[in-house]
Amino acid sequence: MDSPEVTFTLAYVVFAVCFVFTPTEFHSAGLTVQNLLSGWLGSEDAAFVPYHLRRTAATVLCHSLLPLGYYVGMCFAASEKRLYSPSQAPETWRVFLLLALTLPTIACTLIYYWSRDRWAHHPLARTLAHYALPQSGWRAVASSVDTEFRRIDKFATGAPGARVIVTDTWVMKVTTYRVRVAQQQDVHLTVTESQQHDLSPDSNLPVQLLTIRVASANPAVPAFDIRLNSTEYGELCEKLRAPIRSAANVVIHQSLGDLFLETFASLVEVNPAYSVPSSQDLEACIGCMQTRASVRLVKTCQEADEGECQQCCCRPMWCLTCMGKWFASRQDPQRPDTWLASRVPCPTCRARFCILDVCAVR
């Protein structure tokens with residue numbers, strides 16, 4: 001393959017992936033379907049349901065045109081293949097062109113079906129129709145959703161491709177191609193999974209992500225999952241009318257301190273262990289007096305005479321939880337992004353140490 005062909009292919013693949021899974025940089029540059037077609041889509045705040053009826057249709061169409069855009073670009077990047085004349089193009093490219101034309105054809109057919117009867121066949125409209133009274137239609141329900149979305153007291157979180165919105169009556173999940181809706185009064189919510197990450201790519205802080213299953217009592221309304229940061233769990237509970245059940249193996253950390261202790265413990269587990277001499281007995285932790293001492297400070301981050309950390313000569317006197325709480329208590333609450341890399345004095349002898357120096361007792 002010639003260099004222009006390879007270069008264009010790589011550049012177009014990167015563009016296509018970023019256009020479909022829009023990162024922050026593309027949002028900032030306005031390279032999204034919502035921004036490029038903002039004049040036709042209208043305002044989400046003014047009319048939430050009509051906006052997303054058009055947005056999902058436009059997104060399906062725009063994304064289906066990406067293979068065709070690649071073929072058109074290759075007509076210029078690889079002009080020697082005569083792609084601009086399908087009858088003279090190689091067999092492989094003729095098949096690709098057929099596929100590239102089929103996708104937008106299917107998308108247009110689907111959008112036409114959705115838009116019939118003023119969008120009555122759209123998946124969002126069909127879901128709202130299940131909540132309509134016998135004497136009214138889905139548009140009356142849509143009007144209620146629009147009104148509640150305009151209120152400033154709604155709960156909203158998540159990335160643009162997976163937003164979670166909770167109003168006084170509705171629980172909604174907005175994704176790239178769909179809008180999931182369920183009415184609060186007939187949903188069952190269950191925390192099914194939690195994922196702990198030592199660092200968040202957005203804030204360089206530990207983060208716990210919760211997966212909550214939203215299941216409607218109405219069998220015609222499909223269940224869906226929402227994801228959010230555990231620190232937003234309390235705010236979500238305040239907005240919901242129904243209680244949230246938790247699976248037996250899920251522990252929710254609602255504060256930054258809880259998340260830090262979880263991360264602190266996971267990092268200590270990978271540090272070198274400290275072997276207690278057979279002649280030494282472990283006493284109760286002097287911090288909580290509830291469990292035995294389980295950690296000792298041993299300088300392992302650098303050589304003995306290097307760096308800011310110092311060698312601690314104290315015997316094991318603290319449990320892992322109390323040492324983590326001591327470490328967190330010495331941090332600047334306004335700078336949580338510096339906690340993991342900071343150094344604090346030993347609670348007993350004041351020798352400075354970092355997380356890499358906290359060794360579990362074996």
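**Exercise 1.** Is arginine 315 buried, partly exposed or exposed?

*Solution.* This is a predicted model. Step 1: take the relative accessible area of arginine 315, which is 45%. Step 2: apply the cut-offs, where buried means under 20% and exposed means over 50%. Step 3: arginine 315 is therefore partly exposed.

**Exercise 2.** Find which side chain meets arginine 315 in a salt bridge, and say what the pair ties together.

*Solution.* Step 1: the partner is glutamate 283, at 3.3 Å from N to O. Glutamate 283 lies in the loop between helix 11 (256–269) and strand 9 (295–297). Arginine 315 lies in the loop between strand 9 and helix 12 (320–329). Step 3: the pair therefore ties together parts that are 32 residues apart in sequence.

**Exercise 3.** Describe the open sheet of four strands.

*Solution.* Step 1: the strand order is 1-2-3-4, and the pairing is antiparallel. Step 2: strand 1 (155–157) and strand 4 (179–183) are the edges, as each pairs on one side only. Step 3: look inside the sheet. Strand 2 (residues 162–166) and strand 3 (residues 170–175) pair over five bridges. Isoleucine 165 has methionine 172 in strand 3 as its bridge partner.

**Exercise 4.** Work out what links glutamate 44 to strand 2.

*Solution.* Step 1: glutamate 44 forms a salt bridge with arginine 163, with the closest N and O atoms 2.8 Å apart. Step 2: arginine 163 lies in strand 2, so the pair ties together parts that are 119 residues apart in sequence. Step 3: check accessibility. Glutamate 44 has 16%, so this residue counts as buried.

Notes: Residues are numbered from 1 along each chain as its sequence is written. This is a predicted model: local features need pLDDT of at least 70, side-chain atom pairs count only at pLDDT 80 or more; totals for chains, interfaces and linings use all residues. Side-chain values use heavy atoms; hydrogens and water are left out. Two strands pair if DSSP finds at least two bridges between them. Helices (H or I, at least four residues) and strands (E, at least two) are DSSP runs, numbered from the N terminus. A salt bridge is a side-chain nitrogen of Lys or Arg within 4 Å of a carboxyl oxygen of Asp or Glu. Buried means under 20% relative accessible area, exposed over 50%, partly exposed in between (1.4 Å probe, protein chains only).
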